[in-house]
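Please read the report below alongside the sequence and the coordinates. It takes up a single residue, then the sheets, and then the chain as a whole.

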Amino acid sequence: KYLLRMGIIKAQSFDEPSVLKQMPSAEDPKVNAKVVDFGTCQCMKIEVTKGVDWKSCMGILPGAPATCQTRHVGICVKGELNVVMDDGTKFDIKEGDSYLIEPGHIFTETKSDVEAFEIVSKVEGAASAGGASTYMIGDTSEEAKENNASFDVKRFDDPNVTTKEMKNGKACVCFLGNKQAKGMVCYLQPGWTWATGAKALLPEDKQHLTACPARHVGFIKSGTFGMTDVETGTETVAKAGMCYLCEAGHEARVIGDEPVEFIEFESVGPF
């Protein structure tokens, strides 16, 4: 288990969450939500047991509304969820799908165990979201609703997703819900560094920078990733099963001989 919190960079294992939510109860945990709270962002690993649906699990909690009123932005890495919106619209979230779901929905009985990761990258007081670019997402989820984007599902392997090639790696980027959220997966090979790889993707007027100007919130799916606070020289190491917050002003590199895959999201509340 790894727990490192140094300077502008924070990394923490989902095995040691800030909060463990077990629903409907700790004695009968059909849904486990492992929440890592970094203050200006939140990362969550969700585990849903086969045969569970929203109404028989969260819906029976005291004071629970008729449908889920939380906004979800994340990716399903195992199983399948069948979602129903308040207006009756139905859609599926399958393994490998990134998603945005606005408040007012339920999921029906699961046919298998489900595992997903969700991120709120901008919470009260945070300066900006991040994730592989200087792109800034919209301010409110209400804008997405006005544009009939109550839900959206995208895959990183879709040919329409933007792919950015760099030395020893690539990044695949997709927008969700009329640009109310953005997802990115990075595949990095041994030898990759920010300075020799990602820096080349910055616009010309930022090529003079000696540190990454973006804020990143995500989780490590495989490999070992080092992030360095350029000002202090402090390095934080994140391994598979860990999430991280990395503020602007950092360098980064792949550690060891194993490729790194990490997934990041830019999103705002409500949550």
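In which strand is the place of Asn 82? Asn 82 has its place in strand E7, where strands (E, at least two residues) and helices (H or I, at least four residues) are DSSP runs numbered from the N terminus.

## Basis of the model

This is a predicted model, in which local features need pLDDT of at least 70 and side-chain atom pairs count only at pLDDT 80 or more, whereas totals for chains, interfaces and linings use all residues. Residues are numbered from 1 along each chain as its sequence is written, and side-chain values use heavy atoms, with hydrogens and water left out.

## Asn 82 and its surroundings

Asn 82 is buried, with a relative accessible area of 16%; buried means under 20% relative accessible area, exposed over 50%, and partly exposed in between, for a 1.4 Å probe and protein chains only. The side chain of Asn 82 makes a polar contact with the side chain of Glu 80 at 3.1 Å. A polar contact is a pair of N or O atoms within 3.5 Å; within protein, one must be able to donate a hydrogen and the other to accept it, and residues adjacent in sequence count only if both atoms are side-chain atoms.

When neighbours within four places in sequence are left aside, Asn 82 is in contact (heavy atoms within 4.5 Å) with Phe 91, Asp 92, Ile 106, Phe 107, Thr 108, Glu 109 and Lys 111.

## The sheet of three strands

Strand E7 belongs to an open sheet of 3 strands in the order E8-E7-E10, with antiparallel pairing; two strands pair if DSSP finds at least two bridges between them. Strand E8 (90-94) and strand E10 (105-107) stand at the edges and have a single partner strand each, so one side of each is left without a neighbour in the sheet. From one strand to the next the twist averages 30 degrees, with axes taken as lines fitted to C-alpha atoms (for helices over the stretch in contact) and angles running from 0 to 180 degrees between N-to-C directions.

Strand E7 (residues 80-85) and E8 run antiparallel and are joined by 5 bridges, and among the residues involved, Val 83 has Phe 91 in E8 as its bridge partner.

## The sheet of seven strands

A further open sheet is formed by 7 strands in the order E3-E4-E5-E11-E6-E9-E12, and here too the pairing is antiparallel. At the edges stand strand E3 (19-24) and strand E12 (151-155), each with a single partner strand, so one side of each is left without a neighbour in the sheet. The twist in this sheet averages 20 degrees from one strand to the next.

Strand E9 (residues 97-101) is joined to E6 by 4 bridges, the two running antiparallel; Val 73 is bridged to Leu 100 in E9, and Gly 74 to Tyr 99 in E9. E9 also pairs with E12 in the antiparallel sense over 5 bridges, and the bridge partner of Asp 97 in E12 is Arg 155. Because 5 of the 5 residues of E9 are buried, this strand is largely enclosed by the rest of the structure. Both of its faces are covered, with Asp 97, Tyr 99 and Ile 101 buried on one side and Ser 98 and Leu 100 buried on the other. In a regular strand, the side chains alternate between the two faces of the sheet.

## Thr 67 in a loop

Thr 67 lies in the loop between strand E5 (42-48) and strand E6 (72-78), and its relative accessibility of 16% counts as buried. The side chain of Thr 67 makes polar contacts with the side chain of Gln 69 at 3.0 Å and with the side chain of Asp 86 at 3.1 Å. Leaving aside its neighbours within four places in sequence, Thr 67 is in contact with Trp 54, Asp 86, Gly 104, His 105 and Ile 106.

## Cysteines

A search of the whole structure for disulfides, defined as pairs of cysteine sulfur atoms within 2.5 Å, finds 0 of them. Cys 186 is in no disulfide, and the nearest cysteine sulfur, that of Cys 172, is 8.1 Å away. Cys 186 is buried, with a relative accessible area of 5%, and Cys 57 also counts as buried, at 0% relative accessibility.

## The chain as a whole

The secondary structure of the chain comes to 1 helix and 21 strands, and of its 271 residues, 48% count as buried. Among contacts in the chain with a separation of 6 or more, 65% are between residues 24 or more positions apart. The chain exposes about 12400 Å², of which carbon and sulfur atoms supply 50%; accessible areas come from the Shrake-Rupley method with a 1.4 Å probe, and for residues only the protein chains shown count as cover.
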